[in-house]
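We'll start with a pair of helices and then zoom out.

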Amino acid sequence: MASETEPNGIELTPQQLKSRRQRNVAIGLAVGFFILLIYVVTIAKLGPGVMNRPL
Amino acid sequence: MSYIGESRSIAPALTGSEANPSDYIALLKPRVMSLVIFTALTGILLAPQGVNPVIGFASLLAIAVGAGASGALNMWYEADIDAIMSRTRKRPIPSGRVTAEEALGFGLTLAFLSVITLGVVANWLAAALLAFTIFFYVVIYTMWLKRSTPQNIVIGGAAGAFPPIVAYAAVTGDISLSSIVLFAIIFLWTPPHFWALALVKSEDYRRAGVPMMPNVKGASHTRLEILLYSLVLAPAGVLPWILGFASIAYGLLAIVLGGAFIVFAVRVYRVRAGGEADRCAKSLFGFSILYLFLLFAEIVIERSFSLGLALLARLGG
């Protein structure tokens, strides 16, 4: 753990902070898209039979 | 004692990154990816029984990401060469925007995800073929052949030719003669395509120490090999029509384009000096891209049309 008297890790420049935010947004979108893709593929593979089951 | 303080002292490179998402997209070699998507789409459409569009799209995406992962791993390994060559020195690693380690992690992660995704979405034959394609491009071509033999792009060209076979396997679970023919066309197309570029950029390759054909066997021998490969490629391009999985319209297009390819190759063979020789090589390079694009586009159009007719017939009946 870093104490208050010691440097608090790397200090990012404004440009680095902006780039990191852009990378984080891109990773979030990619993960979201991947989850959606797996969901849609699952439904497509199961077919209409997925709705045809006893409740 | 701070762990962060310790890590700073032993890892001076840990200074934050200004890499944008666009730098990571550049690592995927988007232009190569677009060619892979196009040739893989052709392989998918060759499937005789048609394909579920969702499974087809997901398979295509997995193959494209696998190709992108190969590109990232290629850039990781070739950063030293890329820094020397004018064509590649602005890539993310030599320009300092992305570190080699970041590119390695990015490439390995995408390679793993693409293979697993294709296995789950389609089948494990296609996943194994995709894994082999990535291995072939990164290890056999990039790490071994590229720096050791002037036949580098001849054998390495197989990696670029695999996507139609992988895509066909993804939607059928099988390998067919038609997908092997598409493989053969791309395989035979690769040497004259890259050697036309190498003739113009031979000084770049010489400085980088890459044993391309013009640097090792000379420009005259390269021109002869370009012509010989063109003479084999032109009839190979007609095979889809002869074997019956493309129409006569495709056959006529392939004959005309194959003839033009040979004419461009003859010009490269005959004009050997000065700026005119460079122009001939650049013309062949440009035409070779058009050649492959038009042949595969014709198959995509024909197959889409017949699949559309089959769908209409099913809806009508």
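In chain B, helix α7(B) passes α8(B) in a left-handed crossing, meaning that the near helix is turned anticlockwise from the far one by less than a right angle. Helices here are DSSP runs of H or I with at least four residues, numbered from the N terminus. This is a predicted model, where local features need pLDDT of at least 70, side-chain atom pairs count only at pLDDT 80 or more, and totals for chains, interfaces and linings use all residues. Residues are numbered from 1 along each chain as its sequence is written, while chains are lettered from A and ligands numbered from 1 in the order in which they are written.

Back to our pair: α7 (residues 124–145) and α8 (residues 152–161) of chain B pack at about 165°, with axes 8 Å apart. The axes are lines fitted to C-alpha atoms over the stretch in contact, and angles run from 0 to 180 degrees between N-to-C directions. The two helices are therefore roughly antiparallel, the label for angles over 145 degrees. Among the residues making the contact are B:F136 and B:Y137 from α7(B), and B:I155 and B:G156 from α8(B); being in contact takes C-beta atoms, placed from the backbone, within 7 Å.

Now zoom out. Chain B is assigned domain 1 (19–175) and domain 2 (177–317), with bounds from an automatic or database domain assignment. Their C-alpha centres lie 20 Å apart, and 28 residues of domain 1 are in contact with 28 residues of domain 2. On the domain 1 side, α8 is one of the elements giving two or more residues.

Conventions:
Parallel < 35°, antiparallel > 145°, perpendicular 65-115°, else oblique. Contact = placed C-beta atoms within 7 Å.
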